[in-house]
Amino acid sequence: EQTVCGKNSGSVTLVGCLLEEKGIDFSSLHLNDQTCTGQMNELTHMLTFNFNSSNTCGTVATAENNQLIYKNTITTQNSSSDNIVRHNQLYIDFSCFYTQPDIKTVAFKIRDR
């Protein structure tokens with residue numbers, strides 16, 4: 001699992017062949033928002049989930065000191081418990097952070113001569 005965070009976005013990547021070994025169908029995975037599914041790279045077999053400020057995918061963002069912390073979950077769980085599930089369950093909480101740049105201020109005084 002590799003996570004990358006930016007100022008207004010983030011991504012997490014899983015190794016597709018490891019999912020296959022565990023009998024997990026990557027197409028059944030999603031983030032907290034069920035419409036946010038991963039994109040499989042056919043060359044690298046890496047499955048990547050993305051979110052950003054216009055499509056948060058259920059990501060919870062918090063600010064601590066000078067860091068933005070993003071939290072979400074990759075899961076096969078459906079919000080409806082009446083569904084019959086025929087694939088292995090997966091539940092991965094992940095988080096990442098973005099350190100906001102320090103704000104530098106300069107004060108100066110203008111003297112009349």
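Colleague: Which cysteine is joined to Cys 36 by a disulfide?
Modeller: This is a predicted model, in which local features need pLDDT of at least 70 and side-chain atom pairs count only at pLDDT 80 or more, while totals for chains, interfaces and linings use all residues. Residues are numbered from 1 along each chain as its sequence is written, and side-chain values use heavy atoms, with hydrogens and water left out. A disulfide here is a pair of cysteine sulfur atoms within 2.5 Å. With an S to S distance of 2.1 Å, the partner of Cys 36 is Cys 57.

Colleague: How many residues apart in sequence are the parts that Cys 36 and Cys 57 tie together?
Modeller: The link of Cys 36 and Cys 57 has -80° about the S-S bond and is left-handed. Helices (H or I, at least four residues) and strands (E, at least two) are DSSP runs, numbered from the N terminus. Cys 36 lies in the loop between α1 (16–21) and β3 (39–41), and Cys 57 in the loop between β4 (46–52) and β5 (60–64), so the separation of the tied parts in residues is 21.

Colleague: Is the disulfide of Cys 5 and Cys 96 left-handed or right-handed?
Modeller: The sulfur atoms of Cys 5 and Cys 96 are 1.7 Å apart. The torsion about their S-S bond is about 60°, so this disulfide is right-handed.

Colleague: Is Cys 96 buried or exposed?
Modeller: Buried means under 20% relative accessible area, exposed over 50%, and partly exposed in between (1.4 Å probe, protein chains only). Cys 5 is buried at 18%, whereas Cys 17 is partly exposed at 38%. The relative accessible area of Cys 96 is 8%, so Cys 96 is buried.

Colleague: What is the pairing of the bonded cysteines, numbered in sequence order?
Modeller: A search of the whole structure finds two disulfides. One joins Cys 5 and Cys 96, and another joins Cys 36 to Cys 57. Numbered in sequence order, the pairing is 1-4, 2-3.

Colleague: Which residue in β7 is the bridge partner of Leu 68?
Modeller: Two strands pair if DSSP finds at least two bridges between them. An open sheet of three strands has the order β5-β6-β7 with antiparallel pairing, and its edge strands are β5 and β7, each pairing on one side only. Nine bridges join β6 (residues 67–75) to β7. The β7 partner of Leu 68 is Tyr 98.

Colleague: With which residue does the side chain of Thr 59 make a side-chain polar contact?
Modeller: A polar contact is a pair of N or O atoms within 3.5 Å; within protein, one must be able to donate a hydrogen and the other to accept it, and residues adjacent in sequence count only if both atoms are side-chain atoms. Thr 59 is in the loop between β4 and β5, and a polar atom of the Thr 59 side chain lies 2.7 Å from the backbone oxygen of Thr 56. At 2.8 Å, the side-chain partner of Thr 59 is Asn 72.

Colleague: What percentage of the 113 residues in the chain is buried?
Modeller: The secondary structure of the chain comes to one helix and seven strands. Thr 59 is among the buried residues, with a relative accessible area of 15%. For the chain, the buried percentage is 29%.
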